Amino acid sequence: METDKKTEANHVVRAYQRYLKLQRGYSANTLDAYLRDLEKLLHYLEQEGKQAQEVQLSDLQHFAASLHDIGIHPRSQCRILSGVRSFFRFLQLDGYRDDDPTELLESPVLGKHLPEVLSPEEIDMLEHSIDLSKWEGHRNRAIIEVLFSCGLRVSELVNLKLSNLFLDEQYIRVFGKGSKERLVPISPKAIRELGYWFTDRNLMNIKPGEEDYVFLNRRGAHLTRTMILIMIKQQAVEAGITKTISPHTLRHSFATALLEGGADLRAIQAMLGHESIGTTEIYTHIDMSTLRQEILEHHPRNMKTKI
């Protein structure tokens, strides 16, 4: 009987995995993250002697409490519970359950988190600290400039293909979360940096099957997200930047620079590839002194009356 329950649970997980991959179009990385978080729930339910099909809201509330008790950060708790909601929506959608017990499941309340942002001058510091005499010099400068100029996710950067560059027209085609396609303008400076990198790239021995990737390692294979992260952190040290940064910092810096330059929030949403405008709003960090000055200068109640 116990074996039958385990077989049934494995069948449901495989069905959910197919759903995420084929219907939701999630990337391998996103898929792995969802399944890892689901494993936490399934392990908890196994200890409680319950199956997902018979879970009630109270069971999920106890599971959420257990995440807190073992010291998981509130932000990670929210992510795990988001995956739990996705799983139970699938169970209802696919007929495994008649209801969704997560409808009233609450997540921890998070304070607003504003990630680090680099100014254009700090981006220049990053790029100028790169040793161009090294083999990877022009490549690394092009990576930083493309991340900042186009606001790409690091996963989008490592999967960027030559066949999706339209440099004469000054835009690139990007495939984001769920393989959703968007067109993103690319700056003349980023195009120049790519040109310098392509000169070096043309001299490489490229592995079969890797020819279309824009950014390659010394062995002629496309880069990984970890390689980009390590490079940017090392470059920040070289540049004397003490902020804790990552590739995502450059995406945030891109969005913040657009906003401060007067871009509409909807336009920024489209550039970043966000489904919800709410997601974009975390990028709207403007220095409060700048905001105060804008209000003083432009709000009608603060403008001097002309006589």
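**Reading the cores and salt bridges**

User: Which residues does Ile-228 touch, not counting residues up to four places away in sequence?

Analyst: In this predicted model, Ile-228 touches Ile-143, Leu-147, Val-154, Leu-157, Val-158, Leu-223 and Pro-247, leaving out residues up to four places away in sequence. Ile-228 is also among the four residues that touch the most other members of the largest nonpolar core, together with Leu-126, Ile-172 and Phe-215. That core has 46 residues.

User: Which elements give two or more residues to this core?

Analyst: They are helices 5, 6, 7, 8, 9, 10 and 11, along with strand 2. Helix 6 gives the most, with seven residues. Apart from this core lies another, of 27 residues, including Tyr-16, Tyr-44, Leu-81 and Leu-91.

User: What does the chain as a whole contain in helices and strands?

Analyst: The protein chain has 13 helices and three strands. Of its 307 residues, 40% are buried. Among contacts between residues at least 6 apart in sequence, 56% join residues at least 24 apart.

User: How do I read a residue as buried or exposed, taking Asn-140 as the case?

Analyst: Buried means under 20% relative accessible area. Asn-140 has 7%, so Asn-140 is buried. Asn-140 is placed in helix 6, residues 137-150. Beyond its neighbours within four places in sequence, Asn-140 is in contact with Ile-130 and Met-231.

User: How many salt bridges are there in the whole structure?

Analyst: A search finds eleven. One of them joins the side chains of Lys-189 and Glu-127, at 2.9 Å from N to O. Lys-189 lies in helix 8 and Glu-127 in helix 5, so this pair ties together parts that are 62 residues apart in sequence. Lys-189 is partly exposed at 28% relative accessibility, whereas Glu-127 is buried at 1%. A network of salt bridges links Glu-127, Glu-145, Lys-189 and Glu-193.

User: Which residue forms a salt bridge with Arg-153?

Analyst: Glu-156 does, with the closest N and O atoms 2.5 Å apart. Both Arg-153 and Glu-156 are buried. Glu-156 also forms a salt bridge with Arg-182, where the closest N and O atoms are 2.9 Å apart.

User: Why does the pair of Glu-156 and Arg-182 tie together parts that are apart in sequence?

Analyst: Glu-156 lies in helix 7 and Arg-182 in strand 3, so the pair joins parts 26 residues apart in sequence. Strand 3 covers residues 181-185. Glu-156 has a relative accessible area of 3%, so Glu-156 is buried, and Arg-182 counts as buried at 10%.

Definitions and conventions: Residues are numbered from 1 along each chain as its sequence is written. This is a predicted model: local features need pLDDT of at least 70, side-chain atom pairs count only at pLDDT 80 or more; totals for chains, interfaces and linings use all residues. Side-chain values use heavy atoms; hydrogens and water are left out. Helices (H or I, at least four residues) and strands (E, at least two) are DSSP runs, numbered from the N terminus. Buried means under 20% relative accessible area, exposed over 50%, partly exposed in between (1.4 Å probe, protein chains only). Contact means heavy atoms within 4.5 Å. A nonpolar core is a set of buried Ala, Val, Leu, Ile, Met, Phe, Trp, Tyr and Cys residues joined through side-chain atoms within 4.5 Å. A salt bridge is a side-chain nitrogen of Lys or Arg within 4 Å of a carboxyl oxygen of Asp or Glu.
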